[in-house]
Amino acid sequence: MTSLFKRLPRNRLAATRRSSRRVHTQPRPHPSLAIFSRLFIEGPLPAALALLPDLAAAGLRADPVSLTRLVKLCVRHGTASDGRLIHRHVETHGPLSHYSAGGGLFVSNSLVSMYAKFGLLDEALRLFDGMPERNVVTWTTVVAALANLNGRKEEALRFLVAMRRDGVAPNAYTFSSVLGACATPWVLAAVHASTVKVGLDSDVFVRSSLIDAYMKLGDLDGGRRVFDEMVTGDLVVWNSIIVGFAQSGDGVGAIELFTRMKDAGFSANQGTLTSVLRACTGMVMLEVGRQVHAHVLKYDRNLILHNALLDMYCKCGSLEDVDALFHRMPQRDVISWSTMISGLAQNGKSAEALRVFDFMKSEGVAPNRITMVGVLFACSHAGLVEDGWHYFRSMKKLFGIQPEREHHNCMVNLLGRAGKLDEAVEFIRDMNLEPDSVIWRTLLGACRMHKNANLAAYAAREILKLEPDDQVQELNRLIGRISALGYVPQTEFVLQDLAIEQKEDLLKYHSEKMAIAFGTMHAVDGKPIRIMKNLRICGLW
């Protein structure tokens, strides 16, 4: 050791000795800080928070790492009041910029994020406005929070512009967040161009968000173009494009992309399979759905996938598959039972649907609003008026479910199908909510079934009040007028073996009649309506 010190210059030797003395004479941390440091790591959280006033009284402030960890614990426990307590402690000794090495920015970012996660966006923005320094994390936190909040999405885009003007470059997460706020094609195109300009358009999460944004605006071609520009495939992006096509109603496109994904060697996950099953359900493609079922077998205990399969088999009318799958399911929730009840009712098995409902209750599963729609639907199709009234009246009392618009519509359908039209009208008048066009259309359909022209005219007028541009009810009004003038449909032109009422309904909706209805709704008074066609399709014209 002596030889080492001899080799050092005199001034460095003296400095080393002074440094050594400082190490040995450094004061111990304040006892409150020592206890606080242990509590914020080991817990409990309330005990650590209770020490903050003691620290403030001693003129001390906790270090940035400890404070940030406490803020995260507050978010995890869902205690916004505790988060505000930490914020007040931080501000007790002046600006956060007093922390060294970016500690103040570190703490500020965690507080902004905390307020955003609690939904206290105005408080987050107040803190944001008072920050002397902001980085990409600060800006992205605010942009993402605004983009996820209905009514403030335009602000997210304005903040993105302000961020760029402030000299802060957005990252992949910034763009992934703000793309969901693009409500018009031209705004989406501008943000898309920005991702290309900074070289982030190839990022897998940005590309996935781009596809989602195009799909949300109904631009399937735009989403497909972004997808086709991929240099390498990624399961996240495959899922985005498949989900987009399925949700946009292009089931064929979703299934075609799923086949391509499998050919490319990707294994489908829950999100992929759920979307493909939704596409099969919408297209009533039973055989393809059965092929997807083979992939679902890998997820033996996945309730979401099993429920999607159950819905697909119900909508495709394969009751044998429905029954087999339902009884093999390792677990069932209220969605499983509700799907089964609705599926049986929609396939004309109302008695079986109500038996499943009784079995569901015996298993201790509480029904929800969707379950009760299925139950009332089953009563309607079986003509069980008294049972329907019982279930409707007992919803609130027995199950705590407030009847909603769908339940009222089921009751109008039940009474109308049973021929109790006056009772249906009385039910509509006594409803505790305003009837919508769906309810009036339900009544109109019942009037047509039971040949009640006066009540049908009343229902049609109510529909036109709510939806003056509705072409089909306008059409029925016109048919009523021309029938009163002596119009008799020539049903011999309908070659199918159908009942006379069904033949008359088919003749109502020939294209010429639809054109007349549309024309009368939009034509100027006194001007003729001209209908052009190049093919004679009806002997009535």
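# Briefing: an all-helix chain

At 55% relative accessibility, Lys-451 counts as exposed (buried means under 20% relative accessible area, exposed over 50%, and partly exposed in between, with a 1.4 Å probe and protein chains only). This is a predicted model, in which local features need pLDDT of at least 70, side-chain atom pairs count only at pLDDT 80 or more, and totals for chains, interfaces and linings use all residues. Residues are numbered from 1 along each chain as its sequence is written, and side-chain values use heavy atoms, leaving out hydrogens and water.

**Overall build**

- The protein chain has 32 helices and zero strands. Helices (H or I, at least four residues) and strands (E, at least two) are DSSP runs, numbered from the N terminus.
- Of its 541 residues, 43% count as buried.
- Among contacts with a separation of 6 or more, 60% join residues 24 or more positions apart. Contact means heavy atoms within 4.5 Å.

- Residues 135–170 are 69% helix and 0% strand, and their end C-alpha atoms lie 10 Å apart.
- Residues 234–268 are 74% helix and 0% strand, with end C-alpha atoms 11 Å apart.

**The largest nonpolar core**

- This core has 130 residues. A nonpolar core is a set of buried Ala, Val, Leu, Ile, Met, Phe, Trp, Tyr and Cys residues joined through side-chain atoms within 4.5 Å.
- Ile-86 and Leu-443 touch the most other members.
- Helix α20 supplies the largest share of this core, eight residues.
- The core draws at least three residues from each of domain 1 (1–132) and domain 2 (404–470). Domain bounds come from an automatic or database domain assignment.
- Beyond residues up to four places away in sequence, Ile-86 touches Leu-49, Leu-52, Leu-67, Leu-70, Val-71 and Cys-74.
- In soluble globular proteins, nonpolar side chains tend to be buried together.

- Helix α18 covers residues 270–283. Its 14 residues reach 20 Å from first C-alpha to last, close to the 20 Å expected at 1.5 Å a residue. The expected span is 1.5 Å times one less than the number of residues.
- At its start, a side-chain oxygen of Asn-269 comes to within 3.1 Å of the backbone nitrogen of Gly-271. A polar contact is a pair of N or O atoms within 3.5 Å; within protein, one must be able to donate a hydrogen and the other to accept it, and residues adjacent in sequence count only if both atoms are side-chain atoms.
- Its buried residues include Leu-273, Val-276, Leu-277 and Cys-280.
- The cover over the buried residues of α18 includes α16 (235–247), α17 (251–263), α19 (286–296) and α20 (303–315).
- Val-284 sits in the loop between α18 and α19. Its phi is near 50°, a positive value in a residue other than glycine.

**Helix α24**

- Helix α24 (residues 369–382) has 14 residues and also spans 20 Å between its end C-alpha atoms, close to the expected 20 Å.
- A side-chain oxygen of Asn-368 reaches to within 3.0 Å of the backbone nitrogen of Ile-370 at the start of α24.
- Among its buried residues are Met-372, Val-375, Leu-376 and Cys-379.
- The buried residues of α24 pack against α22, α23 (350–362), α25 (385–399) and α26.
- Gly-383 follows α24 with a positive phi near 70°.

**Two buried residues**

- Thr-339 lies in helix α22 (residues 334–346). Thr-339 is buried, at 14% relative accessible area.
- A polar atom of the Thr-339 side chain lies 2.7 Å from the backbone oxygen of Ile-335.
- Leaving aside residues up to four places away in sequence, Thr-339 touches Leu-310, Asp-311 and Cys-314.
- His-408 lies in helix α26 (residues 405–417). His-408 counts as buried because its relative accessibility is 5%.

- Lys-451 lies in the loop between α28 (437–449) and α29. Lys-451 has a positive phi of about 60° although it is not a glycine.
- Helix α29 covers residues 453–466, and its 14 residues should span 20 Å at 1.5 Å a residue; the end C-alpha atoms are 20 Å apart, which agrees.
- Buried residues of α29 include Leu-455, Ala-459, Glu-462 and Ile-463.
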